[in-house]
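Work through the exercises below with the sequence and the structure side by side. Try each task before reading its solution.

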Amino acid sequence: MPTRNETNSWRWKWICESCSADHGTKIEIIQQNQHLYSVSAMCNVLQIARSTFYYETSVSVEKERQKARAEQELKDEIWAIFH
């Protein structure tokens with residue numbers, strides 16, 4: 001079983017190797033690892049502006065909310081038709 005430092009070292013290496021990843025992948029990497037590393041440090045390593053990360057994160061949250069609202073409206077319409 002790897003130690004915590006070995007695991008963190010491996011993850012940091014994986015983050016560094018992801019520098020050539022596409023924009024969306026970089027955002028996902030930061031989101032998945034923000035509990036382990038600072039957002040600023042990962043943004044620097046991945047060469048993405050911190051403001052871009054926060055903007056993209058807020059946009060994706062809003063899209064999820066809109067999708068949930070649309071699904072609920074559809075469920076309500078289906079319920080009204082069949083009950």
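**Exercise 1.** How many helices and how many strands does the protein have?

*Solution.* The model to be examined is a predicted one. Counting its elements gives four helices and zero strands, and reading from the N terminus on, their order is α-α-α-α.

**Exercise 2.** Decide whether cysteine 43 is buried or exposed, and list its contacts beyond the neighbours within four places in sequence.

*Solution.* Begin by locating cysteine 43, which belongs to helix H3, the stretch of residues 39-46. Next, take its relative accessibility, which is 2%; because buried means under 20% relative accessible area, cysteine 43 counts as buried. Then turn to its surroundings: with the neighbours within four places left aside, cysteine 43 touches Ile30, Ile48, Ala49, Arg50 and Phe53.

**Exercise 3.** Classify leucine 74 by its relative accessible area, and find which residues make a nonpolar surface patch with it.

*Solution.* Leucine 74 sits in helix H4, which covers residues 50-82. Together with Ile78, Ile81 and Phe82, Leu74 makes a nonpolar surface patch of about 470 Å².

**Exercise 4.** What share of the 83 residues is buried, taking the protein as a whole?

*Solution.* Buried residues amount to 18% of the 83. As for the surface, the protein exposes about 6400 Å², of which carbon and sulfur atoms supply 54%.

Conventions. Residues are numbered from 1 along each chain as its sequence is written. This is a predicted model: local features need pLDDT of at least 70, side-chain atom pairs count only at pLDDT 80 or more; totals for chains, interfaces and linings use all residues. Side-chain values use heavy atoms; hydrogens and water are left out. Patches are made of residues with over 30% relative accessible area and no salt bridge: like charges are joined within 9 Å, nonpolar side chains (Val, Leu, Ile, Met, Phe, Trp, Tyr) within 5 Å. Accessible areas come from the Shrake-Rupley method with a 1.4 Å probe; for residues, only the protein chains shown count as cover. A salt bridge is a side-chain nitrogen of Lys or Arg within 4 Å of a carboxyl oxygen of Asp or Glu. Helices (H or I, at least four residues) and strands (E, at least two) are DSSP runs, numbered from the N terminus. Buried means under 20% relative accessible area, exposed over 50%, partly exposed in between (1.4 Å probe, protein chains only). Contact means heavy atoms within 4.5 Å.
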